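Biologist: Could you walk me through this model, one question at a time? I am new to reading structures, so please show me how you get to each answer.

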Amino acid sequence: MTNIVIKSEDLGKRYLIGHDSTKGRYQSLQETLLNQLRRFSRSARDIIQGRLHVDGDVVEEFWALRNVSFEVEAGSAVGIIGRNGAGKSTLLKVLSRITDPTEGRVEIRGRVASLLEVGTGFHPELSGRENIFLNGTILGMSQNEIKSRFDEIVDFAEIEQFLDTPVKRYSSGMYVRLAFAVAAHLEPEILVVDEVLAVGDADFQRKCLGKMNAVAETGRTVLFVSHNMAAISSLTRSVLMLDRGEVIFSGPTEQAISKYGSMTQASNVLNEAGQKKKGDHTNIRAARLLSEDGTPLATYLPGNRFKIELEVETDGTRGLSCDLFLVDEKKMRTALGSMSHFEGSTLPLEPGVYTVLMTFEPINLASGQYTIDITTSLVNHSWDHYIENALSFEVLYSNAAGLAWDHRQEYGYGNFSLTFALPTLITHVAHTEY
Amino acid sequence: MTLNEERLLIIEPGRSDQQYWSDLWRYRGLFATLAWRDIAVRYKQTVIGASWAVLRPFLVMVVFTFIFGRVAGLPSDGDVPYAILVFAGMLPWFLFATMLGDASGSLVANTQLVGKIYFPRMIIPGAASMVSLVDFFISFLILFLMMLWYGFMPDIRILMLPVFIILALITGLGPSLLFGALNVRYRDFRYIIPFVIQFGLYVSPVGFSSSVISEKWRLLYSLNPMTGVIDGFRWCLLAGESNLYLPGLLLGACVAFLFLWFGVYYFRATEKSFADVI
């Protein structure tokens, strides 16, 4: 007897996108009227025949999924990764029967519960208690199942006091906790989860991840979509990687993550379009982001050194310095590195083109996208040549030590490097009540 | 882990057809929960709550009794007080109208569910229709109070009433499914439906007895399925003072079933694309 619980063969999903070929072109009144009439009769035909109607007179096909074939074994946890628009969500929607595939076939053995969003169907006017039942039923639990897990759910969500308050009066944190708590107590044979861990505060995220881990360990099959490589690497053994609707890799998690890293859109060569101010005394001619051993770097693993190599032309003015800003996803400058301000050196006084190599000591950066603004500055602290978004790189996950929880940028710029001495015992305490 | 061969689910283009009706049955728990939700939230944060279910038809009844009974001087059926004649017609009409209004907009109101969870979509308009049934039974109490007030008692025919309640539901369900499905893609129907309901109130024999229609036009008039339903209600409730025009009733029922068939057909044909276009 086979052990395959999900088997997908050449799965494809097509969307039709309509364009209006006449838009923006001069038209006579007669043409316009005729076109309207034609369009109207076509719409009417589509409506009556119950066919999908597409606006516009030129219809373009768009394959959100194409030739997707894979197999999932019982009891395995499989990650699905890919860039935005790679087709991950469409695949989950097809697997959870929300939308029909256009071609291909999937066989699924066992009860599937899909969690494409936390709190689906929550009604703001209803109380927490009522919403637990509502949401539980929507996710496919029976009344008895919900009753037997009710206390656990309330405990998990930490909302005992507010059980009878309408959820519209909940803080967003409470709302998300309750929503996830219900979902976390589903016990299907196959669990399909979209990026739902990206909610709540750090503590709660860790709790959710722990719960997901526990689900995976009880031998249930889990399909898990995420952008969070730390979660993917701690939860799954194998990964399906999608790009533009097609499977481009299927195999062990570690390999998939390193492949994913190399596909990043980060740019390790100078982006000249970012020039904000032309220099009067200097010209930044090139910039490269390198790893410690000198190979081009696009993803940075916290805890390692990295280098930036600049090619700068100077007219020899005294006190010129090369400075860098590290900028996070929210366009906030998070850190400054400077030749003159912190290191006390400047560009040479002899006019010419120089290579400047800077080596960065390990930084424990939070995960996410970063860009670097490169600038030269004069001694009076005004910018000379300024290039915004000159380089970019990505931190796939913050946790070089491989611990599960991923520290993302919203929780701050990074984490401290700490060395812990062994806790030394001061005195024994008989009971621990806090 | 043992695998249950019977639970094999196959997803293919156009495949869901075969298991649709058994799925509908399997998801009855969701149906009940959604119906309960719609009922529970209907009068939340209103001051007089479920009294609205009573007040709306009552006020319309007062106005209609005045305009059709007093001003226009239309005759009642036999000795029935005009107010009771109007209210007996208003009960099925409001059942139909609330159902059509709520159910046809229900899919769009539940966009989140449709886009994120699988279930037979017919559950949503179905559950929404249940709310109108609750309103119906509440306003039914008013009819009994009015009958006590006028000292007018129905006879044994009232036992036939469930048949006409079901006919009213069927009459409402067909257009609800049709308009509900159309509304998903063409929000134009959001504007059409209130108009249909308003128009229908005057076209159907709500404010007057259908016996005022001349014999010549009676069969044509019965093409409106609500005519048969309302006549049926009056026949059941008004102690034999109201006559049942049988050919008209049958014709109306046929129209209602035709609508139901077409509603189900259209709903099923477009259902699979709901998540893509809603």
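Biologist: In which sense do S5(A) and S6(A) pair?

Modeller: This is a predicted model, so everything here is computed from it. Strand S5 covers residues 112–115 of chain A, and its partner here is S6(A). One facing pair is A:Ser114, which stands opposite A:Val192 in S6(A). The two strands are joined over 4 bridges, and the sense of the pairing is parallel.

Biologist: Which residue in S7(A) is the bridge partner of A:Leu191?

Modeller: S6(A) also pairs with strand S7, residues 221–225 of chain A. That pairing is parallel and runs over 4 bridges. In S7(A), the partner of A:Leu191 is A:Val222.

Biologist: Are the residues on the two faces of S6(A) buried or exposed?

Modeller: Take strand S6, residues 190–193 of chain A, one face at a time. One side carries A:Ile190 and A:Val192, while the other carries A:Leu191 and A:Val193. Both faces are covered, and these four residues are all buried.

Biologist: What share of chain A counts as buried?

Modeller: Let's step back to the whole chain. Chain A has 9 helices and 17 strands. Of the contacts in chain A with a separation of 6 or more, 73% are between residues 24 or more positions apart. Among its 434 residues, the buried share is 37%.

Biologist: Which residue is the bridge partner of A:Leu326 in S16(A)?

Modeller: Strand S13 spans residues 321–327 of chain A, and strand S16 spans residues 368–377. They pair in the antiparallel sense over 7 bridges. Across that pairing, the partner of A:Leu326 is A:Ile372.

Biologist: Does A:Arg305 count as buried, exposed or partly exposed, and why?

Modeller: A:Arg305 is in the loop between strand S11 (282–291) and strand S12 (306–314) of chain A. Leaving out residues up to four places away in sequence, it touches A:Glu292, A:Thr359, A:Phe360, A:Glu361 and A:Pro362. A:Glu292 is 13 residues away along the chain, yet the C-alpha atoms of A:Arg305 and A:Glu292 are separated by 5.5 Å. Because A:Arg305 has 13 C-beta neighbours inside 10 Å, it counts as partly exposed.

Biologist: How are H3(A) and H5(A) turned relative to each other?

Modeller: Helix H3 (residues 128–138) and helix H5 (residues 172–184) of chain A have axes 10 Å apart, at an angle of about 40 degrees. On the H3(A) side the contact uses A:Gly128, A:Asn131, A:Ile132, A:Asn135 and A:Gly136, which meet A:Leu178, A:Ala179 and A:Val182 in H5(A). By class, these residues divide into 4 nonpolar, 4 polar and no charged. With that angle, the helices are therefore oblique.

Biologist: In chain B, what is the handedness of the crossing of H4(B) and H10(B)?

Modeller: Helix H4 (residues 82–109) and helix H10 (residues 225–237) of chain B pack at about 135 degrees, with axes 9 Å apart. They are therefore oblique to each other. H4(B) passes H10(B) in a crossing that is right-handed.

Biologist: Which element gives the largest share of the side of chain B that touches chain A?

Modeller: In this interface, 32 residues of chain B are in contact with 38 residues of chain A. Several elements of chain B each supply at least two residues, including strand S1 (8–11) and helix H11 (246–271). By class, the chain B side has 16 nonpolar, 8 polar and 8 charged residues. The largest share, 6 residues, comes from H2(B).

Biologist: Which residue in S1(B) is the bridge partner of A:Val106?

Modeller: Strand S4, residues 103–109 of chain A, pairs with S1(B) across the two chains. The sense is antiparallel, over 4 bridges. In S1(B), the partner of A:Val106 is B:Ile11.

Terms used
Residues are numbered from 1 along each chain as its sequence is written. Chains are lettered from A and ligands numbered from 1 in the order in which they are written. This is a predicted model: local features need pLDDT of at least 70, side-chain atom pairs count only at pLDDT 80 or more; totals for chains, interfaces and linings use all residues. Two strands pair if DSSP finds at least two bridges between them. Axes are lines fitted to C-alpha atoms, for helices over the stretch in contact, and angles run from 0 to 180 degrees between N-to-C directions. Angles under 35 degrees count as roughly parallel, over 145 as roughly antiparallel, 65 to 115 as roughly perpendicular and the rest as oblique. A crossing is left-handed if the near helix is turned anticlockwise from the far one by less than a right angle, and right-handed if clockwise. Two residues are in contact if their C-beta atoms, placed from the backbone, lie within 7 Å. Ala, Val, Leu, Ile, Met, Phe, Trp, Tyr, Cys and Pro count as nonpolar, Asp, Glu, Lys and Arg as charged, and the others, Gly among them, as polar. A residue is buried if 20 or more other C-beta atoms lie within 10 Å of its own, exposed if 12 or fewer, and partly exposed in between; C-beta atoms are placed from the backbone.
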